[in-house]
Amino acid sequence: MTAQRLSGKDVAEQLRADMAVEVAKLPGTPTLAVVLVGEDPASQVYVRSKIKQTEACGMTSRHEFLPANASQDDVENTIAALNEDPDVDGILLQLPLPKGLDEAAAIERINPDKDVDGLTEASAGRLSLGKPGLRPCTPTGCVILAKRALGENLSGQNVVIIGRSILVGKPAALLFLAENCTVTIAHSRTKDLPELCRTADILVPAVGRPEMVKGDWVKPGACVIDVGINRIDAPERGEGKTRLVGDADYASCAEVAGHITPVPGGVGPMTIACLLRNTVIAACRRRGWSVPTTL
């Protein structure tokens with residue numbers, strides 16, 4: 001068996017195209033505000049990509065750039081101003097923040113109705129209670145990819161998530177549970193992890209360990225949604241070169257799985273697409289517009 005390659009890049013592109021169509025129908029223009037503190041090169045690249053994709057979907061992009069020596073008050077006051085701005089629908093605080101700043105405290109200053117990353121305690125509470133709210137982007141992307149592979153109805157699927165982080169593992173479990181899946185969260189102390197993984201119809205490695213999941217861990221025909229993004233040495237490319245790999249050993253897993261996401265080009269592109277999706281949803285709920293059914 002050779003797995004079908006489940007391209008998050010392609011799915012994200014289609015999702016953005018669908019959003020552009022829906023945004024054009026809205027009575028107004030959703031606005032996403034991004035707060036970037038400092039000059040971290042990777043964060044700058046990521047923010048530029050978000051701004052470009054936001055505008056490509058027909059939405060307005062706002063950005064607040066603060067210097068690396070900005071104080072905690074500077075960051076929180078910037079967020080407070082965006083909370084009060086009626087034209088801003090979504091607020092994204094680009095992480096990581098420079099050393100010395102309290103990320104958790106800053107995130108908690110974001111109005112949950114504008115929390116398009118889905119990271120505030122209020123957003124987490126709404127998710128755990130099954131109440132309407134903005135859901136974390138990466139886990140949402142995982143569910144969308146699973147539906148593209150297996151169909152909209154995931155009811156009854158056995159899901160094993162390797163990793164219990166508050167960013168991916170735990171919210172992904174709740175999102176798949178909301179789809180009527182049977183969910184198991186595995187972690188570093190799980191007994192006989194390979195055997196447990198072989199029970200999964202949908203396997204979601206999210207631990208940050210390069211190529212940990214091998215082909216003999218995968219149930220034949222299973223859908224593997226690889227969240228891991230790890231940089232490893234690649235001497236075959238030349239001295240000092242590196243490459244990106246997932247938490248699953250793609251080559252061996254692809255021989256067994258029915259569907260598998262690549263790294264890069266899998267879950268990663270879905271994260272930004274789902275951020276934009278959350279911005280549209282936030283705008284509609286805040287402004288009393290109907291949320292597009294295609295989202």
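**Entry 1: salt bridges**

I started with Glu152, which is exposed, with a relative accessible area of 57%. My cut-offs: buried means under 20% relative accessible area, exposed means over 50%, and partly exposed is in between, using a 1.4 Å probe and protein chains only. This is a predicted model, so I noted that local features need pLDDT of at least 70, that side-chain atom pairs count only at pLDDT 80 or more, and that totals for chains, interfaces and linings use all residues. Residues are numbered from 1 along each chain as its sequence is written, and side-chain values use heavy atoms, with hydrogens and water left out.

What does the side chain of Glu152 meet in a salt bridge? I found Lys147, at 3.8 Å from N to O. I count a salt bridge when a side-chain nitrogen of Lys or Arg is within 4 Å of a carboxyl oxygen of Asp or Glu. Lys147 is buried, with a relative accessible area of 17%.

Next I looked at Arg62, which is partly exposed at 28% relative accessible area. Its side chain meets that of Glu64 in a salt bridge of 3.7 Å, N to O. Glu64 is partly exposed too, at 25%. Arg62 also forms a salt bridge with Asp85, where the closest N and O atoms are 3.1 Å apart. This pair links distant parts of the chain: Arg62 is in strand β3 and Asp85 is in the loop between α3 and β4, 23 residues apart. At 18% relative accessibility, Asp85 counts as buried. Through shared partners, Arg62, Glu64 and Asp85 join into one network. My search of the whole structure gave 12 salt bridges. A reminder to myself: side chains of opposite charge can pair when their charged atoms come close.

**Entry 2: the whole chain**

I counted 10 helices and 11 strands. Helices (H or I, at least four residues) and strands (E, at least two) are DSSP runs, numbered from the N terminus. The radius of gyration is 19 Å, close to the 19 Å that the globule rule gives for 295 residues, so the chain is as compact as a globular protein of that length. That radius is taken over C-alpha atoms, and the rule is 2.2 Å times the number of residues to the power 0.38. Along the principal axes, the C-alpha atoms fill a box of roughly 55 × 45 × 35 Å. Of the 295 residues, 51% count as buried.

**Entry 3: a sheet and its helices**

I traced an open sheet of 3 strands in the order β3-β2-β4, with parallel pairing. Two strands pair if DSSP finds at least two bridges between them. Which strands are at the edges? They are β3 (60–66) and β4 (90–93), each pairing on one side only. Strand β2 (residues 31–37) is joined to β4 by 4 bridges. I looked up Val35, and its bridge partner in β4 is Leu93.

Helix α3 (residues 72–84) packs on the sheet and touches β2, β3 and β4, with its direction at about 160° to that of β3. Helix α2 (residues 41–56) lies across β2, β3 and β4 and runs at about 160° to β3. For these angles, axes are lines fitted to C-alpha atoms, for helices over the stretch in contact, and angles run from 0 to 180 degrees between N-to-C directions. Contact means heavy atoms within 4.5 Å.

**Entry 4: the inside**

Which residues touch the most other members of the largest nonpolar core? Of its 53 residues, I listed Phe176, Ile202, Val204, Ile225, Met270 and Val280. Such a core is a set of buried Ala, Val, Leu, Ile, Met, Phe, Trp, Tyr and Cys residues joined through side-chain atoms within 4.5 Å. Helix α10 gives the most to this core, with 11 residues. A second, separate core of 19 residues includes Ile162, Cys197, Met212 and Ala248.

I finished with helix α7 (residues 169–178), whose buried residues include Leu175 and Phe176. The buried residues of α7 pack against α5 (121–129), α6 (137–150), β5 (158–162), β6 (182–186) and β7 (202–205). After α7 comes Asn180, whose phi is positive, near 65°.
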